[in-house]
Amino acid sequence: MYQHILVPVDGSSTSDRALHEAIKFAQQQSARLMLVHVLEDIWYFDNENYINYAELVDSMRTGGEKMLKEAQEKVQQAGLTVETRLLEAKGERIANVIINEAKACLADLIIIGTHGRSGFSRMLLGSIAEGVVRTAHIPVLLIRGG
C-alpha cells in the first residue's frame, strides 16, 4: 500500500521511536524509507560576546549528518532501502520543509514522532508534528514518545 515513507529524524528518543516503528511498518509493506533532518535557523543577537556563526552552523550540519548516518545504518541493518537528506529551513517553518520534501520525493506516507504536549506547553513550544498533520497532502502516522 505505501511504498515511499518519509521519516523526519531529530535525534530525540521520540524520533528514534518513530524510526523504529517506521522500520517495522516498511518491512511489512516492502517500502523504502526517506530519512530527513531539517537544520533550523539560528538567530543570535548578543553583541557583547563573540560567536563564530559559521562554526556554529558547520557544527549543526555535522551533527545532522551524523544523526542521519546513524538512522540510515539502523534501516540498512533491517534490510530496507533508505535514502537520506539534510535540509535547511531557510526561514520556513520546519513542518513546511518536511511537507515540501515529501512532495519532492513522492512520499505516500509520513511517519513522525510527537511528544504529545498539550495546553500551554504546546502553545509555547509549538509542534512540528502538528504542523505536518495540519498541512500534509498525504497520510501522516504520529508515533507518540514513550
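Glu 101 is found in helix H3, where helices (H or I, at least four residues) and strands (E, at least two) are DSSP runs numbered from the N terminus. This is a predicted model, in which local features need pLDDT of at least 70 and side-chain atom pairs count only at pLDDT 80 or more, while totals for chains, interfaces and linings use all residues. Residues are numbered from 1 along each chain as its sequence is written, and side-chain values use heavy atoms, with hydrogens and water left out.

Leaving aside residues up to four places away in sequence, Glu 101 touches Leu 6, Val 36, Arg 85 and Leu 87, contact meaning heavy atoms within 4.5 Å.

In helix H3 (residues 94-104), Ile 94, Ala 95, Asn 96, Ile 98 and Ile 99 meet Ile 128, Gly 131, Val 132 and Thr 135 in H5. By class, this contact of H3 with H5 has six nonpolar, three polar and no charged residues (Ala, Val, Leu, Ile, Met, Phe, Trp, Tyr, Cys and Pro count as nonpolar, Asp, Glu, Lys and Arg as charged, and the others, Gly among them, as polar).

The structure also holds one aromatic pair. The ring centres of Tyr 2 and Phe 25 lie 6.0 Å apart with planes at 40 degrees, so the pair is tilted (centres within 6.5 Å; under 30 degrees is stacked, over 60 edge-to-face, the rest tilted, for rings of Phe, Tyr and Trp, its six-membered ring). The pair links distant parts of the chain, with Tyr 2 in the segment before strand S1 (4-8) and Phe 25 in helix H1 (residues 13-29), 23 residues apart. Tyr 2 is buried as well, at a relative accessible area of 17%.

Methods. Buried means under 20% relative accessible area, exposed over 50%, partly exposed in between (1.4 Å probe, protein chains only).
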